[in-house]
Amino acid sequence: MRPPIMMRRINVVLIFFTICLLSSCATSPSQPTVLTNTTAFFDDNYSSSGRIYLKNKYQIPKPMFEFYNQKIAKYLSLTGFEVMAEENQADRILTFKLEVDDGTTTTNTGSYSAVVPNYNPYNPANPISYGTAERAYSYNITTFKRAFKLDISNIINSLTQEYEPIFTAVTTSNGSCNNISEVFDEMLFAMFNNFDSANGQNRKLNVAGEVNC
C-alpha cells in the first residue's frame with residue numbers, strides 16, 4: 001500500500017534536498033546546464049521501498065556497469081530502497097540501459113556586418129577610413145539524443161528469471177556531446193527528482209553540471 005499523499009510529498013522534498021547536496025542544484029549564468037525530459041509509468045500499488053538488486057541485463061562491460069551501478073545505488077538508497085549484493089537476497093530487480101543516437105546535423109547560415117578599413121593613398125592626411133561590409137557565415141551543428149532507461153520488476157522466481165514489471169522510466173536529453181558518461185550525473189539527478197510522483201507525465205528539468213565534451 002502506498003503511503004499517504006502528504007507523507008509522500010514530504011519524503012520527495014527531503015530526498016530532493018538531500019540529492020542537492022550530492023549534485024549542484026544552483027545555476028549561474030556561466031555554468032553549463034543539461035535540459036532533461038523524464039517520464040515514468042508505474043503500478044498503482046508501487047512504492048519505492050524493499051530490497052532491490054541491480055541486474056546487468058544488457059551485458060554492459062563490467063567496469064562500465066560498476067561505474068553506473070554505484071551512482072544509481074546511491075540514489076536508490078536515498079529514495080527508500082535497500083540495495084542488495086545478490087539477486088537471491090532481493091525481492092525486486094532493477095535494470096538500466098544507456099543509448100545515444102547517431103546525431104542530427106543542421107546547417108546554420110546567415111550574415112553579419114563587419115567593419116573594414118579602406119586605404120586611400122591619394123589622401124596622405126587621412127589615408128585610412130572605415131566602412132561596413134556584409135559577411136556570410138555557414139556552420140554545421142550536430143545534436144545527439146541521449147537516453148537513460150530504467151526498469152524495476154518484482155522477482156517472482158529468480159531461478160527461472162520470472163519477473164513482474166512494476167516501474168519503467170526514461171530520461172532523455174539533447175546536446176552536442178555524444179558521450180553519455182559526461183551528462184549521466186545530470187540525467188540521473190533528473191530521473192530521481194520526484195522519482196515516483198507523476199505517473200505518465202513528462203517532467204522537464206534544467207540541471208546544472210559540468211560537461212567536458
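Is lysine 149 buried, exposed or partly exposed? Before I answer, please keep in mind that this is a predicted model, in which local features need pLDDT of at least 70 and side-chain atom pairs count only at pLDDT 80 or more, while totals for chains, interfaces and linings use all residues. Residues are numbered from 1 along each chain as its sequence is written, and side-chain values use heavy atoms, with hydrogens and water left out.

Lysine 149, then, is partly exposed, because its relative accessible area is 33%, where buried means under 20%, exposed over 50% and partly exposed in between, with a 1.4 Å probe and protein chains only. This lysine sits in strand 6, residues 128-157, strands here being DSSP runs of E with at least two residues and helices runs of H or I with at least four, both numbered from the N terminus. Setting aside neighbours within four places in sequence, lysine 149 is in contact with Thr95, Phe96, Lys97, Glu99, Ala169 and Val170, contact meaning heavy atoms within 4.5 Å. Its C-alpha atom lies 7.6 Å from that of threonine 168, a residue 19 places apart along the chain.

Not counting residues up to four places away in sequence, phenylalanine 96 touches Tyr58, Ile60, Phe65, Tyr68, Asn69, Ile72, Phe148, Lys149 and Leu150. With Phe148, which is 52 residues apart along the chain, the C-alpha separation is 7.2 Å.

Let me turn to the helices. The axes of helix 2 (residues 62-79) and helix 3 (residues 184-192) come within 11 Å and cross at roughly 25°, the axes being lines fitted to C-alpha atoms over the stretch in contact, and the angles running from 0 to 180 degrees between N-to-C directions. The two helices are therefore roughly parallel to each other, since angles under 35 degrees count as roughly parallel, over 145 as roughly antiparallel, 65 to 115 as roughly perpendicular and the rest as oblique. On the helix 2 side the contact is made by Tyr68, Lys71, Ile72, Tyr75, Leu76 and Thr79, and on the helix 3 side by Phe184, Asp185, Leu188, Phe189 and Phe192.

Why do we call helix 3 largely enclosed by the rest of the structure? Eight of its nine residues are buried, namely Phe184, Glu186, Met187, Leu188, Phe189, Ala190, Met191 and Phe192. Just after this helix, asparagine 194 takes a positive phi of about 55°.

Threonine 36, in strand 1 (residues 33-42), is buried with a relative accessible area of 0%, and its contacts beyond four places in sequence include Glu186, Met187 and Ala190, as well as Thr171, Arg203 and Val207.

Finally, the count comes to one disulfide, taken as a pair of cysteine sulfur atoms within 2.5 Å. Cysteine 177 and cysteine 213 form it, with their sulfur atoms 2.2 Å apart, and the link is right-handed, with 90° about the S-S bond. The pair joins distant parts of the chain, 36 residues apart, with cysteine 177 in the loop between strand 7 (162-175) and helix 3 and cysteine 213 in the segment after strand 8 (203-208). Cysteine 177 is buried, at a relative accessible area of 4%, whereas cysteine 213 is exposed, at 60%.
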